[in-house]
Amino acid sequence: MKLLFLASLSPRTGNMTTARRICDHIQEGGHLCTLRDIGDFKSSSEVADLISEDKFDAALIIHLYKAGRLLLDSSVPYGAIFGGTDVNEDIKDAKKHEVMGTIVQKARFLVAFTDQLKNTAELHWPLAGSKVHVQPQGVVTKPCAKFNWGEFLQNSGIQFTSSDPYIFLLVCGLRRVKDPLYLVDAFSAWHEREPCVYLIIIGPEVDAVFAQQVKAKVKGAHGVYLVSEKPQTELHAAMRDSFAVVNSSISEGMSATILEAMDLKVPVLARNIPGNRAIVNHEHTGLLYSHPQEFVELSKRLMSDSGLKRSIVTKAKEYVEKHHSRNSERKTYQELVSELL
């Protein structure tokens, strides 16, 4: 089968990583899967023409609105994978909700990363219940051999006063839904009291206008720095050699960064939102905070309690190995794609 796979492929983002991994699963099942960025198309008619000209047998999409609207003029069978933006943000817009409802109705199957996403989808589109399959994201981490934050900070011209800094790493694309500025004021004040702590924000400039706001805010903060995105193996090494990985998103479908940190046995401090609660069990596989000051308090606790840190990373690793197997993910998508034949 020849399948067209539409997704947002902004460089070095979770969407791109997820799409490529699923594409690999499909091709390992013996199908030809062509991955295309939704940004390449201005209208659904362009996609319909591509499907006709290149004789695609079926399609797969990630994000019911962003990618789904591009299939409105196409007649090939397709499956759809929910993104966090779908049910957390786009669903609030009446026009987007209508488009998403059409996609749900016509899709052969739907995939949700969590039970929470599945339940929300069924609440809005009851008839979709039988179509929705819950398949958590699989995890693959391949860090390069070495990464030293002290050397990196020095080579980047970042001034730091501690010989053994505590690096809190916030990995995210610079866009509003990731809310990278949420912790900046609280962390800056903390750094002034305890100069050994640093917050490093690393990721691509997804929203150029917002990225300028982030740069301006970080420039005036203490102990908070912005670093451009890195190749995945180097990023994983940077995560592995951090004290903790941080999530501050307003909403999430399922954070690949959190899962990767768990797999690398790095403690996670995540904002207490539904998407994060679905994979982070507070004080068991990570720590959840509801406001910036609580983040600081939990971070201090993690720094002073080595037993808690060991327990969290051990249980988190066990959780990922049990519930986020790449092999299980591969099997699910290969079985679902067969429904498009």
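This is a predicted model: local features need pLDDT of at least 70, side-chain atom pairs count only at pLDDT 80 or more; totals for chains, interfaces and linings use all residues.
Helix α10 is largely enclosed by the rest of the structure, because eight of its eight residues are buried.

**Helix α10 and its surroundings**

- Helix α10 covers residues 256-263, and its buried residues are Ala-256, Thr-257, Ile-258, Leu-259, Glu-260, Ala-261, Met-262 and Asp-263.
- These buried residues pack against several elements: the strands β7, β10 (244-247) and β11, together with the helices α9 (232-240), α11 (274-277) and α13 (306-323).
- Thr-257 is one of the residues of α10, and it counts as buried because its relative accessibility is 15%, where the cut-off for buried is under 20%.
- If you set aside the neighbours within four places in sequence, the contacts of Thr-257 are Val-171, Met-239 and Val-245.
- What happens to the backbone just after α10? There, Lys-265 takes a positive phi of about 65°.
- Lys-265 belongs to the loop that runs between α10 and β11 (268-271), and with a relative accessible area of 45% this residue is partly exposed.

**The chain as a whole**

- You will find 14 helices and 12 strands in the chain.
- For 341 residues, a compact globule would have a radius of gyration near 20 Å, and the 21 Å of this chain agrees with that.
- Taken along the principal axes, the C-alpha atoms fill a box of roughly 60 × 40 × 40 Å.
- Of the 341 residues in the chain, 55% are buried.
- Counting contacts between residues at least 6 apart in sequence, 71% join residues that are at least 24 apart.

**Where α7 crosses α12**

- Helix α7 (residues 184-193) and helix α12 (residues 292-304) have axes that come within 9 Å and cross at roughly 40°.
- The two helices are therefore oblique to each other, and their crossing is right-handed.
- On the α7 side, the contact is made by Ala-186, Phe-187, Trp-190 and Arg-193; on the α12 side, by Pro-292, Phe-295, Val-296, Ser-299, Lys-300 and Met-303.

**Another positive phi: His-63**

- Most residues other than glycine have a negative phi.
- His-63 is not a glycine, yet its phi is positive, at about 90°.
- Look for His-63 in the loop between β3 (58-62) and β4 (78-81).
- Is His-63 buried or exposed? At 3% relative accessibility, His-63 counts as buried.

**An exposed loop residue: Gln-159**

- Gln-159 sits in the loop that links α6 (149-155) and β7 (166-171).
- With a relative accessible area of 64%, Gln-159 is exposed, since the cut-off for exposed is over 50%.
- Apart from its neighbours within four places in sequence, which residues does Gln-159 contact? They are Tyr-198 and Tyr-225.

Notes:
Residues are numbered from 1 along each chain as its sequence is written. Side-chain values use heavy atoms; hydrogens and water are left out. Helices (H or I, at least four residues) and strands (E, at least two) are DSSP runs, numbered from the N terminus. Buried means under 20% relative accessible area, exposed over 50%, partly exposed in between (1.4 Å probe, protein chains only). Contact means heavy atoms within 4.5 Å. Axes are lines fitted to C-alpha atoms, for helices over the stretch in contact, and angles run from 0 to 180 degrees between N-to-C directions. Angles under 35 degrees count as roughly parallel, over 145 as roughly antiparallel, 65 to 115 as roughly perpendicular and the rest as oblique. A crossing is left-handed if the near helix is turned anticlockwise from the far one by less than a right angle, and right-handed if clockwise. The radius of gyration is taken over C-alpha atoms; the globule rule is 2.2 Å times the number of residues to the power 0.38.
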